[in-house]
Amino acid sequence: MIGKDSKTLLDVQGLRATVNGIEILKGMDLTIKSGEVHAIMGPNGSGKSTFAKVLAGHPAYVVTGGSVQFEGKDLFVLAPEARARAGLFLGFQYPIEIPGVANAQFLRLAYNTVQTQHGKDELDPLEFDDFVREKMKLLEMNPDFLDRSVNEGFSGGEKKRNEILQMALLEPRVAILDETDSGLDIDALRIVAGGVNQLANKDNAVVLVTHYQRLLNYIEPDYVHVMDAGRIIKTGPKALALELESRGYDWVSAEARAGAGAAA
Amino acid sequence: MTAATNKSFLADLLAGRPTADRGDAMSRLRARAVERVGALTVPNTHDEDWRFTDISPLTRLSFQPVRAATKLSAADIAPFVLAEAASRLVFVDGIYAPQLSTPASGPVVLSSLAAALPVQAIAIETELGRMAAFEHNAFTALNTAFVNDGALLLLPRGAVAEKPVHLLFIATQKEVASYPRCLVVAGAGSSATVIEDYVALTEDAYLTNTVGEFVLGEDARLHHVRVQRESSAGFHVGHSAVSIAHGSHYHGVNVGFGARLSRYNLDMVQTAEGGECTIGGLAMVDDNQLADTHTTIDHTKPHGVSRQQHKCIVGGSARAVFNGRIVVRKGAQLTNSTQSSRNLLLSDRARVDTKPQLEIFADDVKCTHGATVGQLEADEVFYLKSRGLSDAAARSLLTYAFGAEILRQISVSELRQRLEQTVLAQTERA
C-alpha cells in the first residue's frame, strides 16, 4: 500500500556490480518506501537475483559504481551481518542446508542476535519455543521442523516456508524475496504468500523478485519493475505483470531500445 | 631415530610389566606378548602404516607403570559420570578402582577381568587376545604384555542391557604408562551400549595404550561409543578389534578430541554371512595435536553391510590422518559397503592426510567411497551472516554442525550433549 507519510527505506542510484569480473548490474535505479510492495520481473540473466545478493552483501559480487542508501545511510559500509541486523532481509532462492544444526537452534540464534542489536532481551530456548510456534502457525508449519536440521531434507516448499518464518522472526524493514515462488505447488504458494501478506505493514517494504505473474495473484504489488541487461527498463502498476504474462518481455525491451534511440 | 633407540623405548616400557606367573590364561598370554615385543620395533614413518604419523615426540619421553595408585573420590570423577549409565567400571592410571565402580554380576556380567578370572576362566581364556592380533603391532603387543586386569562385559545369549555401560579410564599422573584392556563378548541375540571413555585429571605427558576386543554373536547388537579426551599433553594409542557374526550389528562411534598425539586402530572383521556394521568417526584437533585413525573393515563372507563416515576438523598447526581400508574377500559376494571421509581445515597451517583403500576380490559387490578436504563453504557462511550472525559465529556454528553430524549417532543423550558442548567450545575458541 502506498502511504502518504511513508518514508524512503531503500534508495538505489546508478548501481553497478560485477561477478567474476563480468558486469551484471549496469546502472540500476530504484526507490522503495515504507508500506510498499515491489515486484521485480525480467528474463533470465537480466540481473534480478544479482541485485538481491548485492544488497545482502554476498561476497562473490563486487559493487563497482552507484550508491544504495538504506534508511538514509550508506548500505555498503555495512558487513552482511550488520545489514541483516539493521533490518535488511534476503529470502534465498536456494536456502542452504545445515546438517547437524537443529532448526530451532539456528532460528533462536538469528532471532537473539537481531534482538540484542535492538537492545532487547534474548529469549531462552523455552521462551523461544513458545514464540516460534506461534509464528509457525502463520505458515502452517509442523512444529517437527524445529527439531530437524536446518533445511536438511526439506522439500522446496518447506524450505521457502522456513525462509518466510525467518522473516517473521527477524521483522525486517525491507525484505527481498528472491524467487520465493519457484518450486512451490499451488497450496504452498498460497500459504507462503499468505504469510508474506500478514508480515507486510505500513512501516516495512517487500521486494518480490520473480519470473512469474502467478505469485502476484496472491501478493499484490504496488509497482512492477521490468529488469533487462542489468537495469530497470520499465515500471508500471500491477496490470503490467498481467501484460508481461500474456505478451512476454520482448516488447518491453524493444520499447526501451526505441526510447533510448529517441532520447539519443 | 635408530633401531637401537626404538628397541630401548620398548624395552624400557616393558621393564615395569607384571612378572608373576600364576599359571592362568592371562599369565600365558602375557608371556607370549612379552616375547613378541622383544622381536618388534617401534614404528617409524618408513612403515606404510605410520607414514603420516611421526611418533618421535612420544619415543623421546620415558614412561613407567604407575607406582602408587591415585586415590580418587566420587567428587573427583563427578564431571565424567553419566547418570544414564546403569553400571560403571573406573580405572585410574590403568588400576581398577572398585570403590568408584558399580559392577554387575548377572545375567549381564560387568566386572574387572582379574576379579572375574576364577569364575569366567573359559570365556576369558577363549576370547582374550584372540581378536586383537599383536604379531605385527608393537603397541598391541605391549598392551598384551601388561594384561593382568581390565574391563569385562559378558552378555549371555539373549541378554539385553537396557542401560549403557560406562568404562571410564582416568589418567592422573605424569610420565605414567597405562595399558587399559576391554573385553566385550555379546552372546547370540544380546544387545548393549558400551561407552569406552578416556579422560584426564592431569595436564602432564603420559601414555595410554589401550586394546579392546568386541565379539558379537549371531544377531547381537552392540553400540560402542569410544571417546578419547585425553589431556593435550597426553599420548594415546588405541586398538579396537571387532568381529561380527550372522545377523549381528556393530554400531561404533569413535570420537577423539584430546592428546598431543593419538593413534586409533579399528579392525572390524565380518566372520559370517550377513553381518552389518555402522562406523562413525570424529577427530577434532587444534594447536600442534595429531590424530591418526586407521580402520580396516574386512568382509570375508557374503551379504555383509558396512557404512562408515569419518570426519576430521583440524585447526591451528594440527594434523589429522585417516586411513580407511575396506577389504572384500573372494566369495564375499553381495557385500554392500559405503565409506566417506570428510575433512574440514580451519587454518592455513592445518593438514589432513586421508587415504581410502579398497581391496576387492569379489565381483558382485557394491562399494562406494569418497573423500573431501576443504574449508567452510562461502555460501553457507553467507547464509548465516545474512541472518545477522557475525563471521565468527557463523563459522563456529558451521564447524560445530560438521562435527555434530557424527555426534548425533551417539544414542546416550547425556554424553552426546556434553560432547556437543565440547565441540562448540572448541569451535568458539578457534
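Two strands are taken as paired if DSSP finds at least two bridges between them. On that basis, six strands of chain A form an open sheet in this predicted model. Their order is β6-β9-β10-β3-β11-β12, and the pairing is mixed. Strands β6 (88-91) and β12 (231-236) of chain A lie at the edges. Each has a single partner strand, so one side of each is left without a neighbour in the sheet. The twist from one strand to the next averages 20°.

Within this sheet, β3 (residues 37-41) and β11 (residues 223-228) of chain A run parallel and share four bridges. A:H38 stands opposite A:Y223 of β11(A). Two helices of chain A lie across these strands. Helix α1 (residues 48-56) of chain A lies across β3, β6, β9 (174-178), β10 (205-209) and β11 of chain A. The angle between α1 and β6(A) is about 140°. Helix α7 (residues 238-247) of chain A lies across β3, β11 and β12 of chain A. Its direction is at about 45° to β11(A).

Chain B contains an open sheet of 10 strands with mixed pairing. The strand order is β2-β1-β6-β9-β11-β13-β15-β17-β19-β21. Strands β2 (95-96) and β21 (366-374) of chain B form the edges, and each pairs on one side only. Strands β13 (residues 249-256) and β15 (residues 276-285) of chain B are parallel and are joined by eight bridges. In this pairing, B:H251 has B:T278 of β15(B) as its bridge partner. Helix α9 of chain B packs on the sheet and touches β13, β15, β17 (305-314) and β19 (336-345) of chain B. The direction of α9(B) makes about 150° with that of β17(B). Helix α10 (residues 413-429) of chain B also packs on the sheet, where its contacts are β9 (191-200), β11 (221-228) and β15 of chain B. The direction of α10(B) makes about 35° with that of β15(B).

The two chains meet in an interface formed by 19 residues of chain B and 31 residues of chain A. Together, chain B and chain A bury about 2100 Å², with 67% of this area on carbon and sulfur atoms. B:F382, B:Y383 and B:R387 supply 39% of the area that chain B buries against chain A, more than any other three residues.

Nine residue pairs are in polar contact between chain B and chain A. On the side of chain B that touches chain A, α8 (378-385) and α9 (391-407) of chain B each supply at least two residues. Helix α9(B) gives the most, with seven residues. That side of chain B divides into nine nonpolar, three polar and seven charged residues.

Two salt bridges cross the interface of chain B and chain A. In one, A:E163 pairs with B:R387, with the closest N and O atoms 2.7 Å apart. Another salt bridge joins the side chains of B:R408 and A:E152 at 3.6 Å, N to O. This pair crosses between chains, linking the loop between α9 and α10 of chain B to the loop between β8 (149-150) and α5 (156-170) of chain A. Over all chains, the count comes to 30 salt bridges.

Two backbone features lie in loops. The peptide bond from B:G106 to B:P107 is cis, with omega near -5°. B:P107 is in the loop between β3 (104-105) and β4 (109-112) of chain B. A:N20 is not a glycine, yet has a positive phi of about 50°. A:N20 is in the loop between β1 (8-19) and β2 (22-33) of chain A.

Technical notes
Residues numbered from 1 in each chain as written. Chains lettered and ligands numbered in written order. Predicted model: local features only at pLDDT ≥ 70, side-chain atom pairs only at ≥ 80, totals over all residues. Heavy atoms only, no water. Contact = heavy atoms within 4.5 Å. Buried area = accessible area lost by both parts, 1.4 Å probe. Salt bridge = Lys/Arg side-chain N within 4 Å of Asp/Glu carboxyl O. Polar contact = N/O pair within 3.5 Å; in protein donor to acceptor, adjacent residues only side chain to side chain. Nonpolar A, V, L, I, M, F, W, Y, C, P; charged D, E, K, R; others polar. Axes fitted to C-alpha atoms, helices over the stretch in contact; angles between N-to-C directions.
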